[in-house]
Amino acid sequence: MNKHIKKVAVIGSGIMGSGIACHFANIGVEVLLLDIVPRELNDKEKAKGLTLQDKVVRNRMVNDSLAAALKSKPSPIYHQKFASRITTGNIEDDIAKVAKVDWIIEVVVERLDIKKQVFENLEKHRTPGTLITSNTSGIPIKFMSEGRSEDFQKHFCGTHFFNPARYLKLFEIIPGPKTDSNVLEFLNGYGEKYLGKTSVVAKDTPAFIGNRIGIFSIQSLFHMVKEMGMTVEDVDKLTGPVIGRPKSATFRTVDVVGLDTLVHVANGIYDNCSDDERHELFKLPDFISTMMENKWLGSKAGQGFYKKTKDSKGATEILTLDLDTMEYRSKNSAKFATLELTKTIDKVIDRFSVLVGGKDKAGEFYRKSFGQLFAYVSHRIPEISDEVYKIDDAMKAGFGWEHGPFQIWDAIGLDKGLEFIEAEGHKAAQWVHDMKASGNTSFYSIKEGSTYFYDIPSKSMEKIPGQDAFIILDNIRKSKEVFKNSGVVVEDLGDGILNLEFQSKMNTIGGDVLAGLNKAIDIAEKDFQGLVVGNQAPNFSVGANIGMIFMMAVEQEYDELNMAIKMFQDTMMRMRYSSIPTVSAPHGMTLGGGCELSLHADKVVAAAETYIGLVEFGVGVIPGGGGSKEFAVRAQDTFKKNDVELNVLQEYFLTIGMAKVSTSAYEAYDLGILQHGKDIVVVNKDRQIATAKSHAKLMAEQGYTQPIKRSDIKVLGKQALGMFLVGTDAMEASHYISEHDKKIANKLAYVMAGGDLSEPTLVNEQYLLDLEREAFLSLCTERKTLERIQHMLKTGKPLRN
């Protein structure tokens, strides 16, 4: 199907509808967002003398919903200006406009009768050939298209986005009885390539794939918590980041989503899946029924499993629901010996075999919960999916699990998993035993950089389709390794391009990483054509190794610290002035030194979800790896004849001084971190390394030439320095900043002004780097700077002193 999506219509502007509309706007698509007309005036409208015929009244529902979405945190939109791509209206006055769209998405209330009325109305105006889909989370697709025309049914299916649409990657596509296979193929590709999603074609079964498995997992824990005598804190400790799940774990996640939402889906599965072998598990435990009666629905009700209150001193305190007494109490700290054993295991996938071997209650919990999960997912094939990888993809993309059930089973071992299943009194599906009998002992394998899965009908390993657009570093790390030290791995991506991947904790940048980066450039300049710096960890880099800086400063090893900072600066300049093109591929948190590295690459290929900024002020220093220098350079590069140069410089100064971090890659353009015409943004992070590689290759093929070092940088000297010093004095006097904040700001001012030169002067980059390093080192001698660094190391949060 050769189709281009230029405009979509979203019918229904609730939280989900507005979120979907915003995400289409994110990727540059024009959106028509429609909702119902209010039946009566509100007090404000009455006071203004408006009537139900006024357009502002008729569009109130949709406009209020969209406005609320745009104000929500986290934001559903990459950049506020993208909201201009959304046009609002109502389904009475503006329904005819759907004739001019390429795709209609229904997101109205989850009632079949209402959905069918909406589809009947839409068909009167829909142009034949237009895609039409429903965002239902569980209503059978086959019922919704009944009575519609052949063309409607051919182009109709379910497209289930997970909330929030911008952040959760799962995009379930559910065919109806007459959906054209070309439509499914198109939507599958569009979801992945344009929407940045993990597209999963699901069967038309209750709750589809993600919610069927996800709600089972939560319901299983609901029943287990009382059975094992555990607390809310215990379960959240055991089901959070330690096993690669979100920090909100189980009970906090339910609070955020809303208990009523979970109960609605669980009841739907219970009512519609009578043949499910775990049917009774979907019955609600007594404590859930009590919470529903009390309307303790979670965050939106002010209380759920957790409750935020104020203590006698006015400080915020988080209370926890005691599931035995059904009363709130102070939070308890959950500690388990088994978890202590995993503290030195960085990779989540390597922790599972340790966790299930635990001798305490935690070990028992993991054996029981994984045993139940493995049995359940095995029986869902072929009911909800024919392939194991679709179930894993759905759980990773929809629920934020780092690894899906079958991947976890592989990590624990097939036989161990079967033991856990039998210990719980369950049986794995027959196909699992057939798999073992055929000589296959795992659900996945890696071959020539590609992932293969166990295909049940053929009883053999088959390649997962759609991988050719991706480079999966986990799959090539061992076979394509060119160089490795304790900080990095350098891999051959093919076509003359290397990739440098950080391997340090939180991808911090220390001596080994810098040495590895220099080595990678040496190798690339000698035998290759380009270098990508990228990884597929949750975050690109949280910055320089401040622990190393702290130890050197405390020990007053200032010569060593000076050399370390100079090595960082020199390495960044090597990125800028090597003879091969360098491409940075940031994503997630890209802070401090990670940002500085990206500032010095020839090109940045950023994931849309990149949160990038120079945050060194938070630990009492200025950017010392070339960031302060680079912002002075970029400020002067934007000076124009009609610009007030001081104002331009001030904007860049404030970006560092206020430790601004973009909430998306598109906001990074506003901060001067990404540059229009040079850097690009990719929506699907899975494509990022492959895209970065293609750009490095293209730059090399076009005849990349090593840049000439610059000596034409205009600095304003005393003129700018005076302005900055007056500003910091005023901010301290008004108690907006502390005395130490002022000291840091004045050091930054000195660097970005180019020192106290008597007149504007042209300088080179090394001149600014020397000023930057001197300022950084002087701040490291300050007691309050060391206090800030120590506080950050202990708490992960900045200190104001």
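**A close look at one helix and its surroundings**

Modeller: K368 is buried, with a relative accessible area of 12%. (Buried means under 20%, exposed over 50%, partly exposed in between, with a 1.4 Å probe and protein chains only.) This is a predicted model, where local features need pLDDT of at least 70 and side-chain atom pairs count only at 80 or more, while totals for chains, interfaces and linings use all residues. Numbering runs from 1 along each chain as its sequence is written, and side-chain values use heavy atoms, without hydrogens or water.

K368 has a charged partner. Its side chain meets that of E424 in a salt bridge, 3.4 Å from N to O. (Helices are DSSP runs of H or I, at least four residues; strands are runs of E, at least two; numbering starts at the N terminus.) The whole structure holds 54 salt bridges.

Now α19 itself. This helix covers residues 414–423, and its buried residues are L414, G417, L418, F420 and I421. Viewed down the axis of α19, they fall within an arc of 160 degrees, so they line one face. (The arc is taken from the directions between helix axis and C-beta atoms.) An α-helix has 3.6 residues a turn, so residues three or four places apart point the same way.

What do the buried residues of α19 pack against? They pack against α16 (361–379), α18 (405–412) and α20 (430–437). Away from the buried side, α19 carries the exposed residues E422 and A423. After α19 comes G425, with a positive phi near 80 degrees.

Ring pairs join F352, F365, Y366, F370, F374, F406, W409, W431, F443 and Y454 into a cluster. (Rings of Phe, Tyr and Trp, the latter by its six-membered ring, pair with centres within 6.5 Å; planes under 30 degrees apart are stacked, over 60 edge-to-face, the rest tilted.) The search of the whole structure gives 36 aromatic pairs.

Salt bridges link R212, D276, E277, R380 and E383.

Note on methods. Contact = heavy atoms within 4.5 Å. Salt bridge = Lys/Arg side-chain N within 4 Å of Asp/Glu carboxyl O.
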